[in-house]
Amino acid sequence: MLSTADFLTAAEWSGIITLVCGVVAVLGFLFKWGIRFRFVGITGFMAVLTTGLFALSIVPITRTVIPGAARFTTVYDSGTTEVVIVVPPQIDEPTLTATLQQAASDLFSPGRLASGEEQLTIRARTILHPAKGISKPIYLGQVKRSLFVRDDENMEITLYPDAIAQIPKSES
């Protein structure tokens, strides 16, 4: 993953190219070159690109990794306060807790609509197959976290022990 220093270096080079394009555009107007309007567009595009690269050099791009978390798939996301993830059917309680924490970190977005609530609720489910041709979705737990604070220290993780007890134990 690129670091903020890499983005700063790219912004510097992009800025130099922007200035060169701007000089060529000015020269194009002075000498009435036919390509002058294209260079105005190129200069504008390069200015936007340089600004974006500079912004990425200021704001760190980080992803929190929770140890012990299992892979999950998001199956429902309302874009507001409700999300459902699917976890493997062989999950245990410590792994489920870590996975819910990982999902709470990964799915946080300051752009979510509050719709009258201040918490994002992420529910974890799995699918069991009690008989051939029958699928049974089971909700194993949920986490509620703030919609507005990235590093929410007050996340509420709730596990459903009755549902977890329905998971068949793998033979080791």
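The legends below describe several views of one predicted model, going from the whole chain to single residues. Residues are numbered from 1 along each chain as its sequence is written, and side-chain values use heavy atoms, with hydrogens and water left out. Because the model is predicted, local features need pLDDT of at least 70 and side-chain atom pairs count only at pLDDT 80 or more, while totals for chains, interfaces and linings use all residues.

View 1. Along its principal axes, the C-alpha trace spans about 80 × 40 × 35 Å.

View 2. A residue is called buried under 20% relative accessible area, exposed over 50%, and partly exposed in between (1.4 Å probe, protein chains only); of the 172 residues, 30% count as buried. The accessible surface, from the Shrake-Rupley method with a 1.4 Å probe, comes to about 11100 Å², and 62% of it belongs to carbon and sulfur atoms. Contact means heavy atoms within 4.5 Å, and among contacts between residues at least 6 apart in sequence, 59% join residues at least 24 apart. There are 14 positive and 15 negative side chains, with the centres of the two sets 13 Å apart; Lys and Arg count as positive and Asp and Glu as negative, while His and the chain ends are not counted. Each charge is placed at NZ of Lys, CZ of Arg, CG of Asp or CD of Glu.

**View 3. Helices H1 and H2.** The expected span of a helix is 1.5 Å times one less than its number of residues. For the 28 residues of H1 (residues 4-31) this should be 40 Å, and the end C-alpha atoms are 40 Å apart, which agrees. The 23 residues of H2 should span 33 Å, again in agreement with end C-alpha atoms that are 33 Å apart. In H1 the buried residues are Phe7, Ala11, Ser14, Gly15, Thr18, Cys21, Gly22, Ala25 and Gly28, and their cover includes helix H2 (36-58). On the side of H2, the residues Phe39, Thr43, Met46, Thr50, Leu53 and Ser57 are buried, and the buried residues of H2 pack against H1. An α-helix has 3.6 residues a turn, so residues three or four places apart point the same way. Ala55, which also lies in H2, is partly exposed with a relative accessible area of 38%, and its C-alpha atom is separated by 26 Å from that of Arg38, 17 residues away along the chain.

**View 4. The loop between H1 and H2, with Lys32 and Trp33.** Lys32 follows H1 and has a positive phi of about 55 degrees although it is not a glycine. Most residues other than glycine have a negative phi. Lys32 is exposed, with a relative accessible area of 66%, whereas Trp33 is partly exposed at 36%. Leaving out residues up to four places away in sequence, Trp33 touches Val24, Leu27 and Gly28.

**View 5. Helix H3 and the elements packed against its buried residues.** The 14 residues of H3 (residues 93-106) should span 20 Å, which agrees with the 20 Å between its end C-alpha atoms. Its buried residues are Leu96, Ala98, Thr99, Leu100, Gln102, Ala103 and Ala104. These residues pack against strands S2 (82-86), S3 (119-131), S4 (134-146) and S5 (156-159), and against helix H4 (161-165).

**View 6. Thr73 in strand S1 and Gly79 in the loop between S1 and S2.** Thr73 belongs to strand S1 (residues 73-77) and touches Val84, Ile85 and Val86, not counting residues up to four places away in sequence. The C-alpha atoms of Thr73 and Ala47, 26 residues apart along the chain, are separated by 38 Å. Gly79 is partly exposed, with a relative accessible area of 33%, and, leaving aside neighbours within four places in sequence, Gly79 is in contact with Arg112 and Leu113. Gly79 and Leu120 are 41 residues apart in sequence and 9.9 Å apart in space, C-alpha to C-alpha.

Terms used:
Helices (H or I, at least four residues) and strands (E, at least two) are DSSP runs, numbered from the N terminus.
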